[in-house]
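Let us take a walk through a protein model together, from its overall make-up to a few of its side chains. Please have a look at the sequence and the structure first.

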Amino acid sequence: MTTRPVPATVFRETTTPPAVEASRRRRTSPWRRRLAPYAFVLPFVLVFLAFGVYPLFFTLRLSFTDWHGSGAAQWVGFGNYRYLLTNGAFWSSLGNSGVLWLLVVPVQLVLSVVVAVLLGAIKRMRGFYRVAFVVPFVTPLVAVAQIWVVLFDQNYGPVNAVLRALGLPPVGWLVTSGWAKPTLALLFIWKTTGFVVLIILSGLQQIDGGLYEAASLDGAGRVRQLWSITVPLLRRSVMFSVVLQTLAVFQMFTEPYVVTKGGPYNSTTTAGLYLYNHITRADLGTGAANSFLLVIVVMAVSLLFVRLLRAED
């Protein structure tokens with residue numbers, strides 16, 4: 001029985017020779033290699049231009065017109081801006097948002113720093129407590145607002161029931177101008193403090209533990225370490241939290257819309273709710289101008305606090 005000879009090509013190297021591979025690389029034009037990264041980010045850029053940049057410039061153009069959603073837009077120049085800047089309701093909405101900011105942000109920052117320090121010191125069940133503080137933040141806001149309506153109802157709410165049991169008179173939490181803002185501020189604090197705690201806690205984890213050891217060797221107590229080490233080194237985290245919470249407070253809409261409907265007597269008509277009122281009246285030009293004025297105010301307040309905190313570095 002004779003065996004057939006195996007062709008010599010079977011034992012040849014199947015990989016591409018280096019010379020051929022180098023020739024292929026030379027044939028690939030350099031501009032294709034330079035444009036390849038841009039081709040990967042092109043889809044994101046197109047989506048951002050379509051749903052981010054274009055609506056921004058469209059709203060800016062719309063703010064100089066009188067348009068109600070149909071027909072041709074009538075150019076009015078700075079008429080919408082003049083109307084808002086001379087309108088008492090616009091300034092009242094900014095004032096309401098400013099009062100809410102004073103009721104929310106300072107209290108929330110102090111509370112968040114204290115809670116974050118305590119969470120950092122806890123050794124057992126640390127994950128459970130962190131999740132417990134985050135649960136309110138991820139709870140749907142409309143559901144929380146409805147719960148607030150039930151809790152603080154003047155006649156049937158559990159909060160006033162406790163006051164009656166203690167022999168105290170009931171409080172019109174949601175129907176009096178003096179208590180409506182603190183009630184909304186309490187809702188906002190309960191809802192968003194867990195998120196701020198996470199930001200502060202991430203800043204605490206960046207602090208070198210050797211600083212505390214050196215301070216304890218020098219005789220510094222816990223309070224002194226908190227004031228001289230923790231608070232100064234948390235300045236950037238605090239600055240970030242202030243900016244985020246300033247944006248959130250001035251954009252506050254769902255809380256007053258669901259809980260108080262902007263009342264009583266427009267005492268809880270925030271800047272975000274006042275902007276929404278233009279949309280419901282189909283006054284889109286004034287609403288666009290209102291949104292840009294709100295952006296300018298929020299940016300000014302945020303930059304002011306960033307400047308103040310940076311001055312301490």
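This is a predicted model: local features need pLDDT of at least 70, side-chain atom pairs count only at pLDDT 80 or more; totals for chains, interfaces and linings use all residues.

Residues are numbered from 1 along each chain as its sequence is written, and side-chain values use heavy atoms, with hydrogens and water left out.

The protein holds 14 helices and two strands; these are DSSP runs numbered from the N terminus, with helices (H or I) of at least four residues and strands (E) of at least two. Of its 313 residues, 34% are buried. Here buried means under 20% relative accessible area, exposed means over 50%, and partly exposed lies in between, with a 1.4 Å probe and protein chains only.

Now step inside. The largest nonpolar core has 50 residues, and Val 104, Val 105, Ile 200 and Val 249 touch the most other members. Such a core is a set of buried Ala, Val, Leu, Ile, Met, Phe, Trp, Tyr and Cys residues joined through side-chain atoms within 4.5 Å. Helix 4 gives the most to this core, with 11 residues. Setting aside neighbours within four places in sequence, Val 105 is in contact with Val 242, Gln 245 and Val 249. Gln 245 turns up again beside Thr 192, a residue of helix 8: not counting residues up to four places away in sequence, Thr 192 touches Gln 108, Phe 137 and Gln 245. With a relative accessible area of 10%, Thr 192 is buried.

Next come the rings. The structure holds 16 aromatic pairs, meaning rings of Phe, Tyr and Trp (its six-membered ring) with centres within 6.5 Å; planes under 30 degrees apart count as stacked, over 60 as edge-to-face and the rest as tilted. Phe 90 and Tyr 274 have ring centres 6.3 Å apart and planes at 55°, so this pair is tilted. Because Phe 90 lies in helix 4 and Tyr 274 in helix 13, the pair ties together parts 184 residues apart in sequence. Both Phe 90 and Tyr 274 are buried. Trp 148 and Trp 190 form another tilted pair, with 6.0 Å between centres and 40° between planes. Trp 148 counts as buried at 7% relative accessibility, whereas Trp 190, at 43%, counts as partly exposed. Ring pairs also link these two with Phe 152, Trp 173 and Trp 179 into a cluster.

Finally, where is there open space? The largest pocket holds about 640 Å³ and is lined by 18 residues, of which Val 117, Gly 120, Ala 121, Tyr 212 and Arg 222 lie nearest its centre. On a 1 Å grid over the protein atoms alone, a pocket is an open set of points where a 1.4 Å probe fits, with protein on both sides within 12 Å along at least five of seven lines; lining residues have an atom within 4 Å of a point. The volume is the space filled by probe spheres set on the points, which are joined across faces, edges and corners. Helix 4 gives the most to this lining too, with five residues.

Definitions and conventions. Contact means heavy atoms within 4.5 Å.
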